[in-house]
Amino acid sequence: MRHAAITGTGSYAPARVVTNAELSAALGTDVDDFVSNTLGIRERRWCADDESTADLAERAARRALNDAGVAAEDVDLLIVATDTPEYVSPATSAVVQGRLGAWRAGTFDVNSGCAGFVTALDVAWKYVRADERYSRVLVVGAYAMSKFLDRADKKTSTIFADGAGAVMLEASRAHGIVASELYADGRLAPGMGVFAGGTAEPITEAVLREGYRNRLRFVQKYPASVNEEGWPRIARSVLARAGASVDDVGLWLWTQVNRSTIETVMRTLDAPMERAHTVMHKWGYTGSACLPMALDDAARAGRLGDGDLVLLTGSGAGLSMGCVALRWRDA
């Protein structure tokens with residue numbers, strides 16, 4: 001059986017740093033206590049006015065290619081996970097493919113909200129396993145949600161940020177990815193999103209004048225149990241499929257939206273918080289990009305060794321959720 005292992009990682013965060021103090025001044029209220037101590041976010045990165053999702057994706061992709069020692073023209077498939085696309089059409093992946101010069105690669109986008117990267121990684125793994133045509137798959141998670149923020153909305157402007165992360169997935173004789181699972185609950189789809197701009201609610205003068213549905217909104221609060229119970233459930237299910245236990249996991253990577261939720265989940269699993277790598281303190285919440293950005297950060301910090309079991313769990317609007325277990329560069 002063909003296996004698929006990550007051979008390179010890369011990430012990119014825009015240059016513009018937005019601190020909690022800056023947002024407190026703009027909003028006219030002190031947001032630092034909750035945002036720092038509950039969410040774990042001290043600052044975040046926002047795109048420049050002339051910077052977009054494809055710019056972020058291209059930079060992260062180039063770094064992953066360089067880390068893997070793979071030329072762009074040798075990539076067989078490029079998947080971009082994003083819910084802040086470059087355009088409604090064409091696909092962001094096509095734009096990035098053209099910029100990279102990955103001329104042999106087929107392309108498509110995945111939109112599973114903030115679970116997009118694990119969903120795309122799951123798909124990429126199965127392409128490699130199922131079809132010998134695909135031996136090198138470049139998977140990118142990219143997010144430019146600052147473009148859709150209402151800067152006067154405290155609920156969203158304090159959390160969401162921009163960035164991109166990428167991995168090079170290559171066919172391997174030894175195990176890389178060992179198990180995965182996807183989950184969704186469309187009953188929660190109306191709860192959060194950017195609801196205008198598609199076919200259900202095209203952009204009109206009235207929509208722009210109101211300035212509400214064309215911006216990211218929390219419409220209904222998701223129950224805390226969605227992540228606090230859902231993450232441990234899907235993680236245990238994937239570990240069982242991988243023939244492993246909680247104690248076997250060397251590094252846990254969770255959606256980087258709320259550090260206190262991660263702490264709760266780690267206690268539920270009876271796993272030490274030290275095994276969970278977090279990056280929201282410096283990059284904010286980067287949605288579909290947060291997991292590959294955290295993975296790249298952990299790799300560059302020396303937190304991963306050959307054969308380490310890594311669990312990546314992501315969730316977001318939809319509701320969509322996914323989990324992938326992998327052996328890090330297992331030789």
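I looked up Phe 160 to start: it is buried (under 20% relative accessible area, with a 1.4 Å probe and protein chains only). Its relative accessible area is 2%.

I noted the ground rules next. This is a predicted model, where local features need pLDDT of at least 70, side-chain atom pairs count only at pLDDT 80 or more, and totals for chains, interfaces and linings use all residues. Residues are numbered from 1 along each chain as its sequence is written, and side-chain values use heavy atoms, with hydrogens and water left out.

I looked for aromatic pairs (rings of Phe, Tyr and Trp, the last by its six-membered ring, with centres within 6.5 Å). The structure holds seven. For Phe 160 and Phe 218, the ring centres are 6.0 Å apart and the planes meet at 45°. That pair is therefore tilted, since planes under 30 degrees apart count as stacked, over 60 as edge-to-face and the rest as tilted.

Phe 160 lies in the loop between helix H6 (154-157) and strand S7 (162-172), and Phe 218 in strand S10 (residues 217-218). So the pair ties together parts 58 residues apart in sequence. Helices (H or I, at least four residues) and strands (E, at least two) are DSSP runs, numbered from the N terminus.

I turned to Trp 252 and Trp 254. They are stacked, 5.4 Å centre to centre with 5° between the planes. Both are buried.

I also found one aromatic cluster, formed by Tyr 143, Phe 160, Phe 218 and Tyr 285.

How values were computed:
Buried < 20%, exposed > 50% of the residue type's maximum accessible area, 1.4 Å probe, protein only.
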